[in-house]
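Colleague: I would like a close look at one part of this predicted model, the ligand site. Please take it step by step.

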Amino acid sequence: MPGYITTFSYQAATCHAPQFAPRDFRRFRVTPATGAMGAEVEGVDLAHASDEAIRELEQALHDHLALMIRDQDLTPADQAAFARRLGAPVSWPYAKPMDGHPEITELIQEPGDKYAFGASWHSDSCNFERPPKYTMLYAVECPPVGGDTGFANQYLAWETLDETLKRRLEGVRCVNSSELAYGTASLEEDVQDHTATPIVYREEQFNEVLHPVCRTHPVTGRKALYTTSAFTARFEGETQEESLPLLRKLWAHAATPEFTCRLRWREGSLAIWDNRCCMHYAHSDYPGHRRHMRRIVIEGERPV
Ligand code: SIN
């Protein structure tokens with residue numbers, strides 16, 4: 001018998017408890033997506049939502065981490081007004097904003113595009129001092145199939161790390177870099193020439209910021225892994241080469257299938273997610289079709 005080296009291990013059972021006990025909300029219905037996270041919301045009109053509905057939506061977001069809210073008919077002004085009820089929209093400096101709406105970024109994939117905006121696991125704008133707490137996307141036009149957004153629960157990612165590694169990482173900070181996210185892979189000519197939403201990045205926009213590799217959610221009090229290959233350059237006090245072996249292990253773990261869900265788009269759906277406890281991934285599987293989203297990010301707090 002050959003003495004093989006074991007190359008895989010089985011994932012131990014894990015889940016996010018609220019997925020199995022969704023609250024009975026008064027203002028809409030919630031259907032959980034997977035055992036890990038995510039839910040569909042039906043029965044609420046975001047353009048005319050009551051204060052109670054807004055409070056309940058935020059509670060549902062804290063329970064399920066990402067919501068796909070169905071059957072909306074939102075103008076850009078309606079979407080911005082809804083965003084302001086959840087916090088302060090911030091304009092995003094790395095793409096041209098929508099005319100007349102500095103807080104909205106239009107994410108457009110044309111049928112001939114080779115690359116999709118956001119097609120790698122990340123949490124939004126980790127290079128900001130106060131990265132956005134929420135991101136919302138409204139679907140103006142969708143491919144007939146494909147273009148789902150994937151999500152990964154980073155509470156589960158943290159909690160399922162082995163205890164020795166958790167002790168080693170508690171209190172450790174990482175350098176998150178605009179250059180890594182927007183100045184290297186994104187600016188390669190092939191990427192810029194083959195995407196309808198080009199990144200705008202100039203040298204003077206370079207910044208690096210230190211954030212903890214494990215952050216505590218300010219509302220739920222739970223700890224979440226907070227590092228992604230799109231932004232994290234290295235651990236504080238190490239070079240990128242020294243940091244990459246452990247970072248790569250953390251990034252692979254963070255996207256474990258049992259931590260994920262995949263939400264499917266329909267025109268008129270609005271997704272909103274909490275960047276403080278989940279990562280997301282724009283699936284790039286619809287060449288030959290158009291996808292048009294309107295995005296708003298809402299200011300968060302400094303991660304601790
Ligand atoms: C993003 O990464 O913000 C966009 C996600 C998507 O288009 O599905």
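Which residues surround the ligand? And what can you say about the space that holds the ligand?

Modeller: Start with the shell. The ligand is surrounded by L107, G118, H122, D124, L137, T149, H280, A282, R291 and R295. By class, this shell divides into three nonpolar, four polar and three charged residues. L107, L137 and A282 make up the nonpolar part. D124, R291 and R295 are the charged residues.

Next, the polar side chains. H122 places a polar side-chain atom 3.0 Å from an oxygen atom of the ligand. For H280, the corresponding distance from a polar side-chain atom to a ligand oxygen is 3.1 Å. R295 also has a polar side-chain atom by a ligand oxygen, at 3.2 Å. As for cover, the ligand on its own has 260 Å² of accessible area, and the protein covers 100% of that.

Now the strands. β15 spans 278-282 and β16 spans 291-298, and each supplies at least two residues of the shell.

Then the space itself. The structure holds four cavities of 30 Å³ or more. The ligand sits in the largest cavity. That cavity has a volume of about 110 Å³. Its lining consists of 14 residues. L107, F117, L137, H280 and A282 lie nearest the centre of the cavity.

The lining has its own make-up: seven nonpolar, four polar and three charged residues. β15 and β16 turn up here too, each giving at least two residues to the lining of the largest cavity.

Conventions. Residues numbered from 1 in each chain as written. Predicted model: local features only at pLDDT ≥ 70, side-chain atom pairs only at ≥ 80, totals over all residues. Heavy atoms only, no water. Near = heavy atom within 4 Å. Polar contact = N/O pair within 3.5 Å; in protein donor to acceptor, adjacent residues only side chain to side chain. Areas by Shrake-Rupley, 256 points an atom, 1.4 Å probe, with all protein chains shown as cover. 1 Å grid on protein atoms, 1.4 Å probe; cavity = no way out; pocket = protein on both sides within 12 Å on 5 of 7 lines; lining within 4 Å. Sits in = over half its atoms within 2 Å of the grid points. Helix = DSSP H or I, 4+ residues; strand = E, 2+ residues; numbered from the N terminus. Points joined across faces, edges and corners; volume = space filled by probe spheres on them.
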